[in-house]
Amino acid sequence: MKKLNQAGIMGFCLCFFAIIFGIATNGGIGTIMNFIHIPSLIVTLGGSLFAVLATADSLKDYLDGLGSILYAYRSSEVTTEYACEQLIKMADLARREGLLSLEEYAASIEDTFLSKGIRLIVDGSDPELVKDIMENELIHKAERDKKRIRFWSDLGAYAPAWGMVGTLLGLINMMKVMGTDPSGIGAGMSLALITTLYGSVVANWICIPVAGKLEKKSGQEQLVMEVTIEGVLSIQAGENTRIIKEKMRAILESMEEDEQEAA
């Protein structure tokens, strides 16, 4: 079973509680029903989703983007540290017992990309072919990640706009009855503003954070794949284990420096 990202789930839940807290401290928790209006939700969320569908390359891409919210909040199965550790172990094993000794070891590796690379070199594939196959998979993943990120970025941009559309619809209806029923102005205005609230909540609670999570996760996973390609080709070339260790150490030190600068 894939683990969920605890920080992401915690942040998602705390955002929800922040909304509930805002409602509870401005009229009491009993007023929560004032913020629930299904037609407004359909206009805001439905309009946003349909607008993204109109820009999608295909229904398959659209559904993949929609389902990627689950992927965004899963922890990455393979880290750069794990990939470096496995590459160093296999480099040492290959130097001692030959490339064929890696076949059984590769079967027990969690990282399917690394396992595929090892199987390619064990089968005696040409180094250029190994590089091309692995880089093509990296490019394919990067393109898929871009589509997923764009899905949530677009949805986050459309949601407030469709919230405003819903508000304008409500205001138009409210103004039509102003002359005949002035007492309904307050209720009509309140109902019209709900769609603006929905649009802002959908964008800032769900869409923008999911897009950010996907972008960060994509960068981390692509780095792991780049490290893996470099390590697999080094093992195939028969490079000294010490040199491979230095390459992996340099990558990890570079990552730590980037993290410190970001902090």
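This is a predicted model: local features need pLDDT of at least 70, side-chain atom pairs count only at pLDDT 80 or more; totals for chains, interfaces and linings use all residues.

Tutor: Residues are numbered from 1 along each chain as its sequence is written, and side-chain values use heavy atoms, with hydrogens and water left out.

Student: How many helices and strands does the chain have?

Tutor: The chain has nine helices and zero strands. Helices are DSSP runs of H or I with at least four residues, strands are runs of E with at least two, and both are numbered from the N terminus.

Student: How does the radius of gyration of the chain stand against that of a compact globule?

Tutor: The radius is taken over C-alpha atoms, and the globule rule is 2.2 Å times the number of residues to the power 0.38. For 263 residues a compact globule would have a value near 18 Å, but the chain has 26 Å. The C-alpha atoms fill a box of roughly 90 × 40 × 35 Å, taken along the principal axes.

Student: Why is Ile118 called buried?

Tutor: Buried means under 20% relative accessible area, exposed means over 50%, and partly exposed lies in between, with a 1.4 Å probe and protein chains only. Ile118 has 0% relative accessibility and therefore counts as buried. Buried residues make up 35% of the 263 residues in the chain.

Student: Which residues is Ile118 in contact with, leaving aside neighbours within four places in sequence?

Tutor: Contact means heavy atoms within 4.5 Å. On that basis Ile118, which is found in helix H6, is in contact with Met90, Leu102, Ala106, Val232 and Ile235.

Student: What makes a set of residues a nonpolar core?

Tutor: The set must consist of buried Ala, Val, Leu, Ile, Met, Phe, Trp, Tyr and Cys residues joined through side-chain atoms within 4.5 Å. The largest such core has 29 residues, and Ile118 is among those with the most contacts inside it, as are Leu87 and Met90. Helices H4 (80–97) and H8 (185–236) are among those that each supply at least two residues of this core. Its largest share, eight residues, comes from H4. A second, separate core of 17 residues includes Tyr71, Phe151, Ala159 and Cys207.

Student: Which residues does Met90 touch, beyond those up to four places away in sequence?

Tutor: Met90 touches Leu102, Tyr105, Ile109, Leu114, Ile118 and Ile235.
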